[in-house]
Each structure stands twice: as C-alpha cells, then as structure tokens.
Amino acid sequence: MQEIKNTLRIIPVHIVDPHILKEESVLVGEELELLIATLGGEIVDRVMQKLDRPHRATFIGSGKIEEISTLVKKTNADVVVLGVMAKANQIHAIKLEIQKENPKIEVWDRIDLILQIFEKHASTTEAKLQIELARMKYMGPRIYGMGFVMSQQGGGIGTLGIGETNTELMKRHWRNEMKKVTDQLAKITKTREQQLDRRKKTGYKTVSIVGYTNAGKSSLFNALTGKKTLVENELFATLDSSIGTLYISEIKKEILVTDTIGFIRNLPPQLIEAFKSTLMESIHADILLHVIDMSDPEIDTKIQVVNDILTDIGRDLKDVIYVFNKIDVTSGKKEDFVERYSSFSPLFISVKNGEGIETVKEAITERLVAKVPEEK
Ligand SMILES: Nc1nc2c(ncn2[C@@H]2O[C@H](COP(=O)(O)OP(=O)(O)OP(=O)(O)O)[C@@H](O)[C@H]2O)c(=O)[nH]1
Ligand SMILES: [Mg+2]
C-alpha cells in the first residue's frame, strides 16, 4: 500500500444489506464517508449496491466491478473503498479487474481505510507498533503475496504457478515479522503492567474514559485533568492512552484518569487484539466513564458496540458510569435515558460549556468513597 501524499481521489462503494432498516444503512454510509474525510480523501463519486449475500469470488460481482471500472476511468480515482469487510482474495480479484482501467488503482475495504487513518494519526512508538501488528494480522496475505491466500483456500495455486516452497517461504517471513513486532509490543505491555501494579500498590485509584470514537472522551479528559490532549472533530483523533490526575478532596487523594482510543462498529477481533496494550488501563480501571454523544441518532447502537468491545477485551460492565455528552446540541429527553440506562448511573454533561463536569467528579468520589472502606 502506498504512502498518502496528495489528496486521494476516492470512490466509496456503499453495500447495503436489504435486511436492515434504510435509516440505519444511511447512517452506516455516512460513517464511511466521515472516515474518508478523516483521512483527507476527496469523494469523486459514489456507488451503491443492494446485496443480499456477497459473491464468493469478488464480493460485489462482475457487473458491479464493471460499473466501478467505468467510474474509475471517468473520475481518475486513486482508491475504491468497499464499505464492508472483505476477504483478501476478493479485494485482489476486484483490483485485478479495475487495474485494466487504472494500473495504480488501490482497492480497500473498510478495515484498510481505518488502518490508514490509524497510521496517519499515530505518533508514539507504541501506537505505530500496534498498527503494524494489526495490519500484519489483517492484511498479511495481501502484503506478503497472494500465494499464501491461494494456498489457504486450497485453490488456484496451480493456475498462478506459485510453488508450495514459495508459499511456505512467504508464510514464514510473515510469521517472523509478526513475531518481531509482537515481542516489541509485549515489552511495552509488560512495562505498563508493572506501572499499573506499582500504582495499585501505592493506593492510586484509576478512572478510565472509554466510548465510541468522536463522543468527546478527550474533551472530558482535558476538563477533568487540566491537560491538553488533542480534541478534533475527526474519527480516531486519539490512538494512544494519556494519563492525567484529578484531586478528590473528600478522600484527600489524587486519582489517575486515562483517555484512550475510541471504538467503532464492525472491528475484526484481530484489530482490537492488536490494541490491547493501549486498552490495558481501561481493562483494569476501578471506574469506567463511558462517554456517549447524546446528539447522535445512533446512540443506542453505539452504546452496544462499546459494551460489546469492553466485554470482548475482558472488562465487566459493573463499574461503568454512562456520561451523556453534548447536551448543548441535543434534542432528546434526559428522562428517557435515565429510565433506559438507570443501572449505569447516567450523567448528563456538555464539556463544551462546562455543564455537569462537577457531577462527574461527584459520581467518581461517591464510588471511591463507597469502595475505600470495604477494601481496608
Ligand atoms: N457540541 C459539543 N461538541 C463537543 C462536546 N464535547 C466535545 N465536542 C466535540 O466533539 C468532537 C470530538 O471530541 P473529542 O474529545 O476529540 O472526542 P473523542 O471521543 O476523544 O474522539 P476520538 O479520540 O477521535 O475517538 C470535537 O469536535 C469536540 O469539540 C460538547 O459537549 N458539545
Ligand atoms: Mg480522543
């Protein structure tokens, strides 16, 4: 995959499952285009496809590929992005066809797009390593040659003329590379674990901020800790975890607050796995603040996505507080959410105008005060 230098001319392919609600697919499509905007891509045209079931060889089928090829020629596009997760061989097959119109065309699926954004936003060694690992796990077959993919599927090897030895070599190289990165990351994870242990021993309590991407996590983190982490109206502005402190006068102690990477729907488990070291604090925090954009029309879906990922990484939802943010631009009624999410002690805030920040501190204090005696 090439480095991104100039503005990429992108054609999104919105693949619509006829079984889901129209409103929902519109929002999923908007999210895809928001991801493209975050990468700094220019949408030069768009393609829609209603698809009951993916075509085995190409996901979208030959008719659609032809339509896209024509558009690629007409618009001089650099990248075609499928709004779904496709298999390496499917992407490859599409690419082979479209290359007839533009030999330099890139074909990505939604995960490739997310990985590109990660790469653009990564600043620390840890984030970079995690992205490299995610990319190897997800795209290894595409990077290190199609031979591996073909041999996995048990078909097409003969026709491509890739010998078994060659395939084995590629596989081994891929595994070695992955092991190098995994080892480097393991060191960082270990350091983090030791830090966490030390903090726990010295009695530090930790609060971790989690939530869907762009919900306002870093904004809340800054408001609570007085730090200045990057806040952007972009998806995945934050890729690392930051730590700040908050003084709780009732217990006369500082607590640690962490901000971390946001979540998004339909992430393959390998990707989440690759970010484990960043997510470590969230897994072990005493309290989780789940920040929710209350102005979002997909609020319930996104809450569910976050909960599913938390559960996946092994965090129970017991000590989670729901923090509904952006009430300054929300028309929905608080009462409905209070009722629906009563077991998550819902709070309502606007980091933008400072409303409710105190209630967040109070809720944290209340939990900590309740916890301290039982632990002594
Ligand atoms: N209207 C309004 N906008 C807000 C509020 N809080 C945050 N925002 C905006 O929401 C956008 C995302 O804020 P961030 O704090 O970067 O969100 P995040 O959850 O850290 O996002 P990622 O790190 O990208 O996952 C920014 O444009 C903020 O200015 C709020 O209370 N009201
Ligand atoms: Mg952030």
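Mentor: Let us begin with strand pairing: two strands pair if DSSP finds at least two bridges between them. Please keep in mind throughout that this is a predicted model.

Trainee: In what order do the strands of the open sheet run?

Mentor: The six strands of this open sheet follow the order β7-β8-β6-β9-β10-β11, and their pairing is mixed. At the edges are β7 and β11 (347-348), each of which pairs on one side only.

Trainee: In which sense do β7 and β8 pair, and over how many bridges?

Mentor: β7 pairs with strand β8 (residues 253-259) in the antiparallel sense, over seven bridges. As an individual case, Gly-244 has Val-257 in β8 as its bridge partner.

Trainee: Let us turn to the ligands. Which residues come nearest to ligand 1?

Mentor: A residue is counted around a ligand if one of its heavy atoms lies within 4 Å of it. There are 23 such residues around ligand 1, and those that come nearest are Lys-217, Ser-219, Ala-237, Thr-238 and Asp-328.

Trainee: Which residues coordinate the magnesium ion?

Mentor: The magnesium ion (ligand 2) is coordinated by Ser-218 through OG and by Thr-238 through OG1, at 2.0 to 2.1 Å. Ser-218 lies in helix α9 and Thr-238 in the loop between α9 and β7 (242-248), so the pair ties together parts that are 20 residues apart in sequence.

Trainee: Are these two residues buried or exposed?

Mentor: A residue is called buried when its relative accessible area is under 20%. Ser-218 is buried because its value is 8%, and Thr-238 is buried at 12%.

Trainee: How many residues of helix α11 are buried?

Mentor: In helix α11 (residues 276-284), seven of the nine residues are buried, so the helix is largely enclosed by the rest of the structure. Among the buried residues of α11 are Leu-279, Met-280 and Ile-283.

Trainee: Finally, where does a residue other than glycine have a positive phi?

Mentor: Asn-76 is one case, with phi near 60°. Asn-76 is placed in the loop between α2 (62-75) and β4 (79-82) and is exposed, at 53% relative accessibility. Lys-326 is another case, with phi near 65°. Lys-326 belongs to the loop between β10 (320-325) and α13 (334-340), and its relative accessible area of 22% makes Lys-326 partly exposed.

Technical notes. Residues numbered from 1 in each chain as written. Chains lettered and ligands numbered in written order. Predicted model: local features only at pLDDT ≥ 70, side-chain atom pairs only at ≥ 80, totals over all residues. Heavy atoms only, no water. Donors = N, O, S within 2.8 Å, 3.2 Å for Na, K, Ca; no water. Helix = DSSP H or I, 4+ residues; strand = E, 2+ residues; numbered from the N terminus. Buried < 20%, exposed > 50% of the residue type's maximum accessible area, 1.4 Å probe, protein only.
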